[in-house]
Amino acid sequence: MSVRRLGYVIEALHAPAYFAPEVREAYAGLGLRGFWRGYFAGRASAVALNEPAADAARITELFGGFAPRMVARAIPEVWTITTPEAAYEARRDGAGAAITRLAAKQLPRTQLVLADLAHRVEPHLGTAPMAAAEAARPVPEDRGAAVWHWATILRELRGDLHLAAVRAAGVGWPQMHVLVAPTGRLDPRQREYRGWTEDEWAAAEAELTDAGLYRTEAGAALIERIEVETDQRMTEVLGKAAVLSATGFLRAAAVLTVADVPFPNAMGLPPLD
């Protein structure tokens, strides 16, 4: 469970990219009106810079969980409004400003610990495309932005590993959302936030019910098995000793950087108790 707690802490340090007013204002300055244009342009920007040919299908695959039509409404249309470079800088700098606002005193130690963890990821980037895209970006000089950069490499690595574990378990989308929804970890509007129709959601629920997985012990065990597989892969990358020490060092900053985050949320991030 220690590596899972570390995952929550890292997610909290990454989260300002979605909820901080500084990021929304930066996107608006580029002409990206509305939450979802900014979301897709910002999160897809590192991928677009690392994989210039990445289309909506590729982004759907890498993000996981979204209905393809929702991604296709944004990609590639957002690139007629702004460039991947500008969108990336708005996301990184906005998130960095928010982290500095919320946790300035914790940043020197937080940056050092995150950088050490992120360097451990480098040999594994060949099978972690989202983490590789962020790792390919230059390390920012600004301390808040650097903290966000290192946290994002680690956060996207866990996401890459989690999607691999979901695929290995034979679960698709939106089935995985529907499976997790009864746990209360996700925002009640998860279906809307990920672009699935009521019919698609109901069909996924029926499929899981027929398989004996919806609201059952077997379903809960499947969720946990996927999480354990993700935890094990993450521990193999980072090392158990690094996981144990980093979790405590990073928690103080993480508790502060979730100030703008609603609970529950579409990220599945729980309160850091």
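A: By class: Ala, Val, Leu, Ile, Met, Phe, Trp, Tyr, Cys and Pro count as nonpolar, Asp, Glu, Lys and Arg as charged, and the others, Gly among them, as polar. This is a predicted model, in which local features need pLDDT of at least 70 and side-chain atom pairs count only at pLDDT 80 or more, while totals for chains, interfaces and linings use all residues. Residues are numbered from 1 along each chain as its sequence is written, and side-chain values use heavy atoms, with hydrogens and water left out.

Q: What lines the largest cavity, and how do its residues divide by class?

A: Rolling a probe the size of a water molecule over the atoms shows where empty space is left. On a 1 Å grid over the protein atoms alone, a cavity is a set of points where a 1.4 Å probe fits but cannot get out; a pocket is an open set with protein on both sides within 12 Å along at least five of seven lines, and lining residues have an atom within 4 Å of a point. Grid points are joined across faces, edges and corners, and a volume is the space filled by probe spheres set on the points. Here the largest cavity holds about 40 Å³. Its lining consists of R43, A46, V47, R91, M130, A133, E134, T152 and E156, which divide into four nonpolar, one polar and four charged.

Q: Which helix gives the most to the lining of the largest pocket?

A: Helices are DSSP runs (H or I, at least four residues), numbered from the N terminus. The largest pocket has a volume of about 1,000 Å³. Of its 43 lining residues, E11, R155, A266, M267 and G268 are the closest to the centre. Helix α10 gives the most, with seven residues. The lining has 21 nonpolar, nine polar and 13 charged residues.

Q: How do the axes of α1 and α14 cross?

A: Axes are lines fitted to C-alpha atoms, for helices over the stretch in contact, and angles run from 0 to 180 degrees between N-to-C directions. Angles under 35 degrees count as roughly parallel, over 145 as roughly antiparallel, 65 to 115 as roughly perpendicular and the rest as oblique. The axes of α1 (residues 2–14) and α14 (residues 217–238) come within 9 Å and cross at roughly 85°; α1 and α14 are therefore roughly perpendicular.

Q: At what angle do α1 and α10 cross?

A: Their axes come within 8 Å and cross at roughly 130°, which makes α1 oblique to α10.

Conventions
Helices (H or I, at least four residues) and strands (E, at least two) are DSSP runs, numbered from the N terminus.
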